[in-house]
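Please open the model in your viewer and keep the sequence panel beside it. The stops below tell you what to select next and what is to be found there.

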Amino acid sequence: MRAIRTIVKRELASYFTSPVAYVFLVIFLLLTGFFTFTAGNFFERGEASLAAFFGWHPWVYLVLVPAVGMRLWAEERRSGTMELLLTMPVAPWQAIVAKFLASWIFLALALVLTFPAVVTVNLLGDPDNGVIAAGYVGSFLLAGAYLAITCMTSAMTRNQVVAFILAVVLCLFLILAGFNPVTDLMVRWASPAVVDTIAAFSVVTHFDGFQRGVIDSRDLVFFLSIIGFALFATGVIIRGHRAG
Amino acid sequence: MIKIENLVKTFGTKRAVDDVSFSVERGEVLGFLGPNGAGKSTTMRMITGFMPPSSGRISVGGHDVAEEPLKAKRLIGYLPENAASYPDMTVQGFLNFAAELRGLSGAARRKAVARVVDLCFLDSVLHQSIDTLSKGYKHRTCLAQALIHDPDVLIMDEPTDGLDPNQKHEVRNLIRELGRSKAIIFSTHILEEVDAACTRAIIIDRGRIVANGTPAELRGMSELAGAVTLSARGADEEDLAKLGRVEKLNGALRVYPRDKSKSVELAQQIIELVNRRGWKVEGMFSERGELDEVFRRITLPDTVKK
């Protein structure tokens, strides 16, 4: 536990020693603001909800989460510090979990900084804040799922750019599997049961419930199992590198 | 402290480390020599628990590295090849991080950091970020990290690589000093280091141990060992040839004993000969042997040995 805390602290600090973290936060806030208020027709909707805000998150995260996570293991391998870290009295799973947590905390911070959207909608109307809270929980889990996948792709390569692209492709697949225009296409040549099965693998399908204010245990299990599986795969990949 | 039995590591079909066994006790400094790609780094990575061996056993302080990795790792301080460290951290931040991972906190951590900062002369760069440091300082920062918990076992992969001669000298002295109370393994290409710091040396070639002994023993394997070099006015090659094979050097003659163990007798015979003939002696040396000759002879058997 103590080792995890130490590594989390170091990783978080390393985000903020470079300007990249601040640039990321600004871009994230600008993008969510733009999508919510301009592209999402926030004002024209005439309803007091953050549907326009959360609806875009799978897409905004698609680029930004891999950007946050791509260096996690790729950089560690490239610079040789992985050898240093894993010869410390730290179990590999502790290092993997700690690095993941640090980035997840960073993403949570980005999410917390979107609070003006909550304030705005509360000033303008009378929204159901329970639904908004559920939306935040879902958004946080969604970010965690993307991040765990990025951890995995980051462990596959020494090159951050490769890690980034792989993560975007995998996450894009997780969106498209349940994205309406795509499922509509699939219905033409596949049976509805097949389409539903494929859509069940999509983050969009499982994020929907949260947006409607429902925290369904199946959706929780979905996101947590993606995180668990991707981190486990990270462990397997790292063990593979160490074995040579 | 360190016990290695029948260690093997294969990468695909290549046997990078091939049935290596040795042990290192407290108070020993073991120099690990060998050409590039001989398996030195691979062996060290296995001892430190970074790489699992293909077969064989490693125990550190009584803990099997495969079975109780954390207990073994706690006893080890490790300076990896190229002295990697986190470039975005300050020296102090990095040492604090290492200390915390080693389970030190509060006053104990501050004391540990102060001790290694002192030991590795890092005072002047304490608040500088690591990527702004020169190679020597980076190296010493990583060395400080390895020493932070005052480990019983110290494993260093080329600890003097990239340092200037003064720093090399300091690091060698430090190794010798630390070696009194710890078990140390360090790898090097530089043969003088073996004399300067080691109590024992192992030469490894293509994954196998080809020599294991004290620096003096290794030097004794040299062809030169036991030969007597004489530079004297009037010295006659033919007279000396009766005592052993004679080689003509620039202004001197070198006599090789017929039997290496008889080198003292050879020197005695030469002195008698000099006295009898009345040659004017300018210098006379009994050769101890040269490590690099031994090194080349056993790691390049086909080209040097004729």
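**Where the chains meet**

Select both chains: the contact between them takes 20 residues from chain B and 20 residues from chain A, two residues being in contact if their C-beta atoms, placed from the backbone, lie within 7 Å. On the side of chain B that touches chain A, the elements giving two or more residues are α2 (69-75) and α3 (91-101) of chain B; helices (H or I, at least four residues) and strands (E, at least two) are DSSP runs, numbered from the N terminus. The residues of that side divide into eleven nonpolar, four polar and five charged, where Ala, Val, Leu, Ile, Met, Phe, Trp, Tyr, Cys and Pro count as nonpolar, Asp, Glu, Lys and Arg as charged, and the others, Gly among them, as polar.

This is a predicted model, in which local features need pLDDT of at least 70 and side-chain atom pairs count only at pLDDT 80 or more, while totals for chains, interfaces and linings use all residues. Residues are numbered from 1 along each chain as its sequence is written, and chains are lettered from A and ligands numbered from 1 in the order in which they are written.

**Helix α2 of chain A**

Next select residues 20-39 of chain A, helix α2, whose buried residues are Phe28(A), Thr32(A) and Thr36(A); a residue is buried if 20 or more other C-beta atoms lie within 10 Å of its own, exposed if 12 or fewer, and partly exposed in between, with C-beta atoms placed from the backbone. Seen down the axis of α2(A), these buried residues fall within an arc of 45 degrees, so they line one face of the helix, the arc being that of the directions from the helix axis to the C-beta atoms. On the other side of α2(A), the exposed residues include Tyr22(A), Val26(A) and Leu30(A). The cover over the buried residues of α2(A) includes α3 (51-54), α4 (57-69), α7 (92-112) and α8 (115-124) of chain A.

**The nonpolar cores**

The largest nonpolar core has 134 residues, and among those with the most contacts inside it are Ala148(A), Cys151(A) and Val60(B); such a core is a set of buried Ala, Val, Leu, Ile, Met, Phe, Trp, Tyr and Cys residues joined through C-beta atoms within 7 Å. Helix α9 (residues 129-156) of chain A gives the most to this core, with 13 residues. A second, separate core of twelve residues includes Leu230(B), Leu253(B), Val255(B) and Ile270(B).

**A four-stranded sheet in chain B**

Now show the open sheet of four strands in chain B, which has the order β12-β13-β11-β14 with antiparallel pairing; two strands pair if DSSP finds at least two bridges between them. β12 (244-249) and β14 (280-286) of chain B stand at the edges, each with a single partner strand, so one side of each is left without a neighbour in the sheet. β12(B) pairs with β13 (residues 252-257) of chain B over six bridges in the antiparallel sense, and Gly244(B) stands opposite Pro257(B) in β13(B). Helix α10 (residues 263-277) of chain B lies across β11 (228-233), β12, β13 and β14 of chain B, running at about 10 degrees to β11(B), where axes are lines fitted to C-alpha atoms, for helices over the stretch in contact, and angles run from 0 to 180 degrees between N-to-C directions.

Finally, select β1 (residues 2-11) of chain B, which seven bridges join to the antiparallel strand β2 (residues 14-24) of chain B.
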